[in-house]
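Subject: Handing over the model

Hi,

Here is the structure I promised to pass on.

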Amino acid sequence: MELTNCKECGRMFGSENGELYCSKCRVDDNADFKKVREYLYDNPGASVQEVAEGTGVSETLIIKFLKQERIEIIEDGNSILSCERCSKSIKTGRYCEVCKAEIKKELTQAVKSLNEGKGSKVKYHSHNNK
Ligand SMILES: [Zn+2]
Ligand SMILES: [Zn+2]
């Protein structure tokens with residue numbers, strides 16, 4: 001368990017299993033999420049507006065679920081969600097598959113160059129100490 005700030009209300013809480021929301025926000029979230037999930041189960045391919053009308057859950061919250069990859073859009077080429085990097089239409093999360101792979105590669109390279117930087121620093125110091 002570690003102390004972290006709730007992403008929704010900013011309250012400090014003890015997070016287990018990397019939870020981002022405090023128990024209060026999580027309960028609210030889960031009730032709404034259940035409604036959305038059940039609605040989508042009965043109405044696959046419904047638009048965000050339709051889901052919002054049918055469940056009473058705000059469009060903002062539905063889009064949040066999508067970005068958290070908790071629900072997924074079935075339709076191809078929708079205009080609800082787009083990749084934050086290349087603006088391509090996506091079904092869930094924040095980035096398309098291509099950008100996800102690119103970001104992962106960039107991260108790996110950044111970590112690698114960081115480690116290489118550390119290595120040369122150590123070498124430089126040991127050389128100087130002689
Ligand atoms: Zn909260
Ligand atoms: Zn992309």
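First, the housekeeping. This is a predicted model, so local features need pLDDT of at least 70 and side-chain atom pairs count only at pLDDT 80 or more, while totals for chains, interfaces and linings use all residues. Residues are numbered from 1 along each chain as its sequence is written, and chains are lettered from A and ligands numbered from 1 in the order in which they are written.

**The whole chain**

There are four helices and two strands in the chain, and along the sequence they follow the pattern β-β-α-α-α-α. Helices (H or I, at least four residues) and strands (E, at least two) are DSSP runs, numbered from the N terminus. The chain is more spread out than a compact globule, because its radius of gyration is 21 Å, well over the 14 Å that the globule rule gives for 130 residues. That radius is taken over C-alpha atoms, and the rule is 2.2 Å times the number of residues to the power 0.38. Along its principal axes, the C-alpha trace spans about 75 × 35 × 20 Å.

Buried residues come to 12% of the 130 residues. Here, buried means 20 or more other C-beta atoms within 10 Å of the residue's own, exposed means 12 or fewer, and partly exposed is in between, with C-beta atoms placed from the backbone. Of the contacts with a separation of 6 or more, 18% are between residues 24 or more positions apart. A contact means that the C-beta atoms of two residues, placed from the backbone, lie within 7 Å.

**How the helices pack**

Two packed helices are described by the angle between their axes and the distance between the axes. The axes are lines fitted to C-alpha atoms, for helices over the stretch in contact, and angles run from 0 to 180 degrees between N-to-C directions.

Helix α1 (residues 23-42) packs on helix α2 (residues 48-55) at about 115 degrees, and their axes are 10 Å apart. Which residues of α1 and α2 make the contact? On α1 they are K35, V36, Y39 and L40, and on α2 they are V51, G54 and T55. By type, that contact has four nonpolar, two polar and one charged. Ala, Val, Leu, Ile, Met, Phe, Trp, Tyr, Cys and Pro count as nonpolar, Asp, Glu, Lys and Arg as charged, and the others, Gly among them, as polar.

Next along, α2 and helix α3 (residues 59-67) have axes that come within 9 Å and cross at roughly 120 degrees. That makes α2 oblique to α3 (under 35 degrees is roughly parallel, over 145 roughly antiparallel, 65 to 115 roughly perpendicular, and the rest oblique). α2 also passes α3 in a right-handed crossing. In this contact V48, Q49, V51 and A52 of α2 meet E59, I62 and I63 of α3, a set with five nonpolar, one polar and one charged.

V57 sits in the loop between α2 and α3. Is V57 buried or exposed? V57 is buried, because 21 other C-beta atoms lie within 10 Å. Beyond its neighbours within four places in sequence, V57 is in contact with D32, K35, V36, A52 and I62.

M1 is in the segment before β1 (2-5) and is exposed, with 9 other C-beta atoms within 10 Å. M1 and S15 are 14 residues apart in sequence but 5.5 Å apart in space, C-alpha to C-alpha. Setting aside neighbours within four places, M1 is in contact with G14, S15 and E16.

K7, in the loop between β1 and β2, is partly exposed, with 13 other C-beta atoms within 10 Å.

N17 has a positive phi of about 55 degrees although it is not a glycine, and it is found in the loop between β2 (12-15) and α1. S87, in the loop between α3 and α4 (97-128), has a positive phi near 65 degrees and is not a glycine either.

Cheers

Notes
Left-handed = near helix turned anticlockwise from the far one by under 90°.
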